[in-house]
Amino acid sequence: MSEMRPWGLLTGIRPVKIAMKLLFEGKTDEEVVKYFKNEYETTDEKAALALSIAKVEKPIIDSMPQNGISLYVGIPFCPTRCLYCSFVTNSIRHSAKLIPKYLECLMREIEYTAEIVREKGYTVETVYIGGGTPTTLEAFQLEMLIDKLYKSFDLKNLREFTVEAGRPDTITEDKLKVIKSFDIDRISINPQTMNEQTLKIIGRNHTPQQIVKAYEMARKCGIDIINMDIIAGLPGEDFEMFRHTVSEVEALEPENTTVHTMSIKRSSRLRETLSKYSLAEDGKIAEMVDYARETLMAKGKHPYYLYRQKNMLGNLENVGYSKKGLESLYNIFIMEEVQTIIALGCGGVTKTVDRETDRIERIFNVKEPHDYIERIDEMLKRKDFLRE
């Protein structure tokens, strides 16, 4: 069976950047689609998808202030490590003892970086606490972290604050109340699948019922914007199982749904044990992704950001869908690389963006919590690059 290549010769992970550049140059819709087809041999459908997302993103990017930045805060701890995950995350069972010291070092990096942000006169537009799973922290630790961000940075012009609460087995009413107490109204609850047998295969210690309960708890606590991630092509899943996930997730009516296509990541446990699992063929994956797009758009959501990864099944893509006006600004800024994003904490990658020259510089933090703690002084010094 021949390999599907809906994106043709395009190997980059950010196809929308190409469409965006063409729109800024004044190209018409027809010229953008023609460019994708002629230069990269993409299908009509994928060219149109990249164009439609660029048209959603363009007015958002046009409205960014020249001195705007975003903050990313990394919490590299999870209840367990998922089968497909390649992030450097540490299970709480093995690393809980590191959390107090990790947070102590993170507070130092927050203080140090906030001083630089003040010196440079930056305006913080978005804050994103990700991971890992930030809600592996206890409620008092989460409160301490968010309070530190508010006290260190000037957030009076903040447009968006997101906390990933990805794993439902880490979500409690106390943690949700902490999030809401800071007027944060955007979180992620990421089921990936609503099929219990698949949850067990991928190493998640929760049930579909816990996903629903966590979602309902978030609504009860006043969280207004919820994103839910799902994955097409999880090991052992067929079209009907994926259709069930889409149906169950959309019945909850989250404002955002992100549809990922399964990627065989280099440092994942799945890659190491691939022969043990059954994965859907390219045509079936495409059927799943098409079904999700049609269903979500029928629900009043539109695609608003997209990115690709290496070794994706069907050579497809990941797409975020949103109700109009509720797009995640942070997701757009990071995917299109149009704004400086300062990353704090373990595994963070700071990207400084010069919009006039399109020059991007990167500052890396170490990936392991133990190394981050041991080398925190070095991490602070690396941030001095921002002063240049």
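Figure 1. Helices (H or I, at least four residues) and strands (E, at least two) are DSSP runs, numbered from the N terminus. The model is predicted: local features need pLDDT of at least 70, side-chain atom pairs count only at pLDDT 80 or more, and totals for chains, interfaces and linings use all residues. Residues are numbered from 1 along each chain as its sequence is written, and side-chain values use heavy atoms, with hydrogens and water left out. Just after α10, E253 adopts a positive phi of about 65 degrees.

Figure 2. The 14 residues of α10 (residues 239-252) should span 20 Å at 1.5 Å a residue, and the end C-alpha atoms are 20 Å apart, which agrees; the expected span is 1.5 Å times one less than the number of residues. Buried residues (under 20% relative accessible area; exposed is over 50%, partly exposed in between; 1.4 Å probe, protein chains only) in α10 are F239, M241, F242, T245, V246, V249, E250 and L252. Seen down the axis of α10, these buried residues fall within an arc of 165 degrees, so they line one face of the helix; the arc is that of the directions from the helix axis to the C-beta atoms. The elements that cover them include α8 (196-202), α9 (208-220), β7 (225-232), β8 (256-261), α12 (282-298) and β9 (301-307).

**Figure 3. Surroundings of N365.** N365 is located in the loop between β13 (359-364) and α14 (369-374). With 5% relative accessibility, N365 counts as buried. Its side chain reaches the backbone oxygen of G345 at 2.9 Å. Not counting residues up to four places away in sequence, the contacts of N365 (heavy atoms within 4.5 Å) include E109, Y372, M379, R382 and K383.

Figure 4. Five of the five residues of β11 (residues 340-344) are buried, so the strand is largely enclosed by the rest of the structure. In a regular strand the side chains alternate between the two faces of the sheet. On one side of β11 are T340, I342 and L344, and on the other I341 and A343, all buried. Strand β1 (residues 68-75) runs parallel to β11 and is joined to it by five bridges; two strands pair if DSSP finds at least two bridges between them. L344 in β11 is the bridge partner of V73.

Figure 5. Most residues other than glycine have a negative phi, and most peptide bonds are trans. A cis peptide bond, with omega of about 15 degrees, joins G131 and G132; G132 lies in the loop between β4 (123-131) and α6 (139-152). E337, in the loop between α13 (329-336) and β11, has a positive phi near 55 degrees. E337 is buried, at 11% relative accessible area. D358, in the loop between β12 (349-354) and β13, has a positive phi of about 60 degrees although it is not a glycine. At 65% relative accessibility, D358 counts as exposed.

How values were computed:
Polar contact = N/O pair within 3.5 Å; in protein donor to acceptor, adjacent residues only side chain to side chain.
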